[in-house]
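Here is a briefing on one structure. Please look over the sequence and the coordinates before reading on.

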Amino acid sequence: MTLFITFEGPEGSGKTTQIRLLADALRSQGYDVLTTREPGGTVIGDAIRSVLLSIEHHTMSPRAETLLFNAARAQIVDEVIRPALDAGRIVLCDRYADSTLAYQGYGREQDLDELRALGRYATAALTPDVTIYLDIDPHAGLARKRAGDAAEWNRMEEETLAYHQAVRAGYHALAAQEPERWLLLDATARPGVLHETLLSRLEPHLIAMKERNPA
Ligand code: TMP
């Protein structure tokens, strides 16, 4: 059994809660699940995360930013995600290469083809089987974030509302390009309701996984 599931969404879309609920549900069905996040998930990735997200680093160049996100990604793929998939586990990752296309591509207007080539290099061409996108208007999502833990407020969240709206529109464009990979969900639903919807939308993918790997 092996399945690579990524979670994407604008700020404050509730990915952390949904990943926890999904991991618990899959474990209770007997699956071996690993959860991780980007940037981070490794000692090296966490060090890169603090450079990337520190609000003091407001002069960071968009290319430096892109390369650092991809450096953290290369590390987590080699050290955590690829070995877990090879061991037959289900991997749930909070953000992955699509975040770079949305935030650095659509948000910072970096060239999408160049970002895709860089992403292939950073991931050694490892693409998710399923990407769960939790959609929320950035205005509402940022308000949720502001009401939360102040220590988690980061440099990307300091960006303008227009930036975050471009990121959201970018996600919609990416999802439209690969509708078979992306599951789009309304993140304003109550967490329990959202979780149930997510589980039922994921079910066909779990069935397909079992058919690919009969026990
Ligand atoms: P998080 O708050 O979901 O942990 O994500 C950290 C921030 O980094 C969030 O604002 C999205 C941003 N980000 C990018 O801009 N590009 C990327 O490739 C990734 C993974 C995250």
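Glu109 is exposed, because its relative accessible area is 69%; exposed means over 50%, buried under 20% and partly exposed in between, with a 1.4 Å probe and protein chains only. This is a predicted model, in which local features need pLDDT of at least 70, side-chain atom pairs count only at pLDDT 80 or more, and totals for chains, interfaces and linings use all residues. Residues are numbered from 1 along each chain as its sequence is written, and side-chain values use heavy atoms, with hydrogens and water left out.

- Glu109 sits in the loop between α4 and α5 (112–123). Helices (H or I, at least four residues) and strands (E, at least two) are DSSP runs, numbered from the N terminus.
- Most residues other than glycine have a negative phi, and most peptide bonds are trans.
- Glu109 has a positive phi, near 60°, and is not a glycine.
- Arg95 also is a non-glycine residue with positive phi, near 75°.
- The peptide bond between Glu38 and Pro39 is cis, with omega about -15°. Pro39 belongs to the loop between β2 (33–37) and α2 (43–53).

**Ligand site**

- The ligand is surrounded by 16 residues; a residue is near a molecule or strand if one of its heavy atoms lies within 4 Å of it.
- The closest residues are Glu11, Arg73, Arg95, Thr100 and Gln104.
- Arg95 places a polar side-chain atom 2.7 Å from a ligand oxygen. A polar contact is a pair of N or O atoms within 3.5 Å; within protein, one must be able to donate a hydrogen and the other to accept it, and residues adjacent in sequence count only if both atoms are side-chain atoms.
- An N or O atom in the side chain of Arg49 is 2.9 Å from an oxygen atom of the ligand.
- For Gln104, an N or O atom of the side chain is 2.9 Å from a nitrogen atom of the ligand.
- On its own, the ligand has 480 Å² of accessible area, and the protein covers 96% of that. Accessible areas come from the Shrake-Rupley method with a 1.4 Å probe; for residues, only the protein chains shown count as cover.

**Arg95**

- Arg95 lies in the loop between β3 and α4 (97–107).
- Arg95 counts as buried because its relative accessibility is 13%.
- A polar atom of the Arg95 side chain lies 3.0 Å from the backbone oxygen of Gly9.
- Leaving out residues up to four places away in sequence, Arg95 touches Phe7, Glu8, Gly9, Pro10, Glu11, Lys15, Glu38, Tyr103 and Tyr171. Contact means heavy atoms within 4.5 Å.

- Arg181 is in the loop between α7 (161–177) and β5.
- Its relative accessibility is 9%, so Arg181 counts as buried.
- The side chain of Arg181 makes polar contacts with the side chains of Thr131 at 2.6 Å and Glu178 at 2.8 Å.
- Beyond four places in sequence, the residues touching Arg181 are Asp98, Pro128, Asp129, Val130 and Thr131.
- Ser13 is in the loop between β1 (3–8) and α1 (15–28).
- Ser13 counts as buried because its relative accessibility is 2%.
- From the side chain of Ser13 to the backbone oxygen of Pro10 the distance is 3.1 Å.
- With residues up to four places away in sequence not counted, Ser13 touches Leu134, Ile136, Arg144 and Ala187.

- Helix α3 (residues 62–86) has 25 residues and should span 36 Å at 1.5 Å a residue; its end C-alpha atoms are 34 Å apart, which agrees. The expected span of a helix is 1.5 Å times one less than its number of residues.
- α3 bends by about 50° at Val77. The bend at a residue is the angle between axes fitted to the seven residues ending there and the seven starting there.
- Buried residues of α3 include Arg73, Ile76 and Val77.
- Cover for the buried residues of α3 includes β1, β2, α2, β3, α4 and α5.
- Helix α8 (residues 191–212) has 22 residues and reaches 31 Å from first C-alpha to last, close to the expected 32 Å.
- In α8, a kink of about 35° lies at Glu203, shortly before Pro204.
- The buried residues of α8, among them Leu198, Leu202 and His205, pack against β1, α1, β3 (90–94), β4 (130–135) and β5 (182–186).
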